[in-house]
Amino acid sequence: MLVTLGGLALPLAVFFAFYAGVIAAVGALRNRPEFVRSAERAVIAVFALLVLAMIGVEAALIGDRFDLAFVAQISAREQPLIFKLALWGGQAGSLLLWTFMLGLMSFLVVLQNRRRNRTLIPWVIAVMMVNVVFFGSIVSWVSSPYAPLPAGQAWSSGQGMNPLLQHPVMLIHPPILYTGFIGMSVPFAFAAAALITGELGTTWFKTTRRWALTGWFFLGCGFVLGGRWAYEVLGWGGYWGWDPVENSSLMPWLAGTAFIHSVMIQEKRGMLKIWNFALIGLAYALCVMGTFLTRSGVVQSVHAFANAGWFGDLFLGYVLVLAVGYAALLIWRVPELRSQTRLDSMLSREAAFLLNNYAFMALLAIVFYGTLYPVVSEAITGHRIQIGPPFFQRYVGPVAIFLLFLTGVGPLLAWRRATWVNVRKSFVWPASISALTALALLVFGMRRFYPVAFLALCAFVAGTILEEYWRGVRSRMRRGESPFTALVQLVRRNRRRYGGYVVHLAVVLMFVGFAGAVFNLEETKVLAPGEKWDLAGYTVEYRQPRPVSSPHYAGAVARLALYQHGKPVGMLLPEKRMYFQQEQPTTIPAVWSGIDQDFYVILAGLEPDQRAALKVYVNPLVNWIWIGGLVFVFGNTLLLWPTGSRENSGREAA
Amino acid sequence: MSKGVQIAIAALTVFAGVVIVLTLGASGEGTFRYYADVSSFATAPASELAQAARVHGFVTAGTIARDLGAGHVDFQIADKSGAHALPVRYLGIDTPDMFKDGAEVVVEGHFESGTFLAERVMAKCPSKYEAKTGAKT
């Protein structure tokens, strides 16, 4: 019954969304507030209906409704409940989740702005409802989770979710990513509304600052989680493959990072108004393009070789309509957006932010180019050329170094015009730390330019952050506060600034982790039971293989004893499993993690005579990526923590 | 025309120019000529064959031969129809989990003396976004 209800609720939601969008626009154009109120109520209805639609699908999944094609595809009778609930494991379910999140965010926006932004809200609703109508229509009529199996088929159980995806990280990775993408749609809607209504001041981004930051934060978490899953599960010892699907979530994040920095310039100096409007449009267009790239098969990806033809064209068309429509709005308003202020000096925080934006645009261009090159090359030369990781690594490296440098320098420069005296004073300490780090690395034998430069710069940025904190705490201590109180109050009063520094620190830690990849070791060897293998200061002793089994799989584990510098450190148990339901073999890596490096081993093969083929990766510094990820969460929590004041989303401290 | 339009046209021209130049002169580390099926690879001119390539095909059943001691895996890929078999030697032993008879793969490497020497074998990641047909009871 719930399933039937959900199946009816879904298209109904689309109709209500259409109504809401139209009546909101009419209400704005004809100045009829009661129409706008009706639109707001319709948005609430849309959300409620989408909740029903979600409940219906979950009920179908829990209830083993294998008469529905979608359930048959992603679920199976003996699948653990928590993975049954993960409806994003299939195309239709993931699109429903996307639509549901759009509905949820629209609902929250309406709730937040009951008594505010009355000029902008009708158009915000209209834009958000356009999104809901598009995605909702696809989910209702093109790729629906409620569609029955083709006539004449009956399944007693389903294919089941791929065992690679049955992992706790994969449970939360898609919803987190979607929250990120759709979080970006709110500032976009406000920007479009601002362009339409002519309210071109800072209201549109101040009111959505938290939305933009939240979306950006969730996207960032999405990568770290995805990378962690890839590292733990996929068994190639890496965490990022520069694959088109990965890149399609990176690109909006890059635009988003540029955006959250450049809006600060508009706030402080009134500059870059046109640029900020363009940037948020770009960020959101990239979000939608991301879904297009992932689902359409227009670029080959290890994630999917599906060739969906016209289905992808739907999304492409939508991106183009969005992009062209928004660009037209922006061009229309350009005359009113010219700023009066000019850049006073290259030695200023504005200049640093501008360079920051250029650098992110450069990164975006590189990733965009590398991702879409195959399509372009095929269109122009008739032959498809694919781009692999070495291309990205080669070009992203130098830009990343430059960005690291800016991250350290920017916060130390004053607005408008910094003086050389102040600059020198601020740089002395961090620069010394940096030089010392470089020296230490060289002395310890690291001779390659990139890692030394990276790590020295990381030390520089960390030094500037510590210096900023130290200065802040010290000046508060002078007024009589204890060090701890000073620190807490410092952050509380200047959340954006000091929370932002923590996020920068997180990025620095992650870069330390990335730098280590240059020194990754990869070795393969075949061992008979009882044999030992020495490498990189470790000794691996292959004891014996044992069978493993569970209700869902059977396989073998190679029992390995690990020694480091002669001392036993533990057992490593890499496995090879065969999952019955999906008839799929799976390799489970075993990892020994330390703060300095990971010892990562997979069982590549097991011979009948019990010889084991082992592949080992030694990954220096890799755990700093995950540590950085945790600091990232902490820093953003500081930034986003509610400040407790009702009027506050319009104005924030520092 | 206004300054803004001029700038836009200039920018677009530069961008288009860069794209065209780079596309036509495509080579360099990290770029691969992609062949959507083995038959297009088999019928490619000899000069192309030596370049870094990625070839898409299906593993012919019964051809997978793992040599753990020597550290390579030999197999054959062919078109979906089975035509145009291409012998492949993967220079490693850790093939992806989905790699088996009949699997859809992309091999990355270059062609040498009658065999495709693959540095990477990518097997189709179980696509979340592809409808599977086939009844099961």
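Predicted model: local features only at pLDDT ≥ 70, side-chain atom pairs only at ≥ 80, totals over all residues.
1. Leaving out residues up to four places away in sequence, A:Lys532 touches A:Thr539, A:Val540 and A:Glu541.

2. Now the inside. The largest nonpolar core has 228 residues. Which residues have the most contacts inside it? They are A:Ala20, A:Val46, A:Val124, A:Ile125 and A:Cys458. Helix H6 of chain A (residues 121-142) gives the most to this core, with 15 residues.

3. A:Val46 is worth a click of its own. Apart from its neighbours within four places in sequence, A:Val46 is in contact with A:Ala13, A:Phe16, A:Ala17, A:Ala20, A:Gly103, A:Ser106 and A:Val132. One of these partners, A:Ala20, is also on the list of residues with the most contacts inside the core.

4. From H16(A), the residues in the contact include A:Trp429, A:Ile433 and A:Leu441, and from H17(A) they include A:Leu455, A:Phe460 and A:Glu467. By class, the contact of H16(A) with H17(A) has 13 nonpolar, 5 polar and 1 charged residues.

5. How do H10(A) and H20(A) pack? Helix H10 (residues 209-234) and helix H20 (residues 623-640) of chain A have an angle of about 165° between them, with their axes 11 Å apart. That makes H10(A) roughly antiparallel to H20(A). The crossing here is left-handed. On the H10(A) side, A:Arg210, A:Phe217 and A:Arg228 are among the residues involved; on the H20(A) side, A:Trp626, A:Phe632 and A:Asn636 are among them. The contact of H10(A) with H20(A) divides into 9 nonpolar, 4 polar and 2 charged residues.

6. The pair H18(A) and H19(A) has another geometry to look at. Helix H18 (residues 483-493) and helix H19 (residues 495-516) of chain A pack at an angle of about 110°, with their axes 5 Å apart. H18(A) and H19(A) are therefore roughly perpendicular to each other. The contact is made by A:Leu490, A:Val491 and A:Arg492 of H18(A) together with A:Arg495, A:Tyr498 and A:Gly499 of H19(A). By class, that contact of H18(A) with H19(A) has 3 nonpolar, 1 polar and 2 charged residues.

7. Last, chain B. Its secondary structure comes to 3 helices and 7 strands, and along the sequence the pattern reads α-β-α-α-β-β-β-β-β-β. Buried residues make up 30% of the 137 residues in chain B. For contacts in chain B between residues at least 6 apart in sequence, 48% join residues at least 24 apart.

Definitions and conventions. Residues numbered from 1 in each chain as written. Chains lettered and ligands numbered in written order. Core = buried A, V, L, I, M, F, W, Y, C linked by C-beta atoms within 7 Å. Buried ≥ 20, exposed ≤ 12 C-beta atoms within 10 Å, placed from the backbone. Helix = DSSP H or I, 4+ residues; strand = E, 2+ residues; numbered from the N terminus. Contact = placed C-beta atoms within 7 Å. Nonpolar A, V, L, I, M, F, W, Y, C, P; charged D, E, K, R; others polar. Axes fitted to C-alpha atoms, helices over the stretch in contact; angles between N-to-C directions. Parallel < 35°, antiparallel > 145°, perpendicular 65-115°, else oblique. Left-handed = near helix turned anticlockwise from the far one by under 90°.
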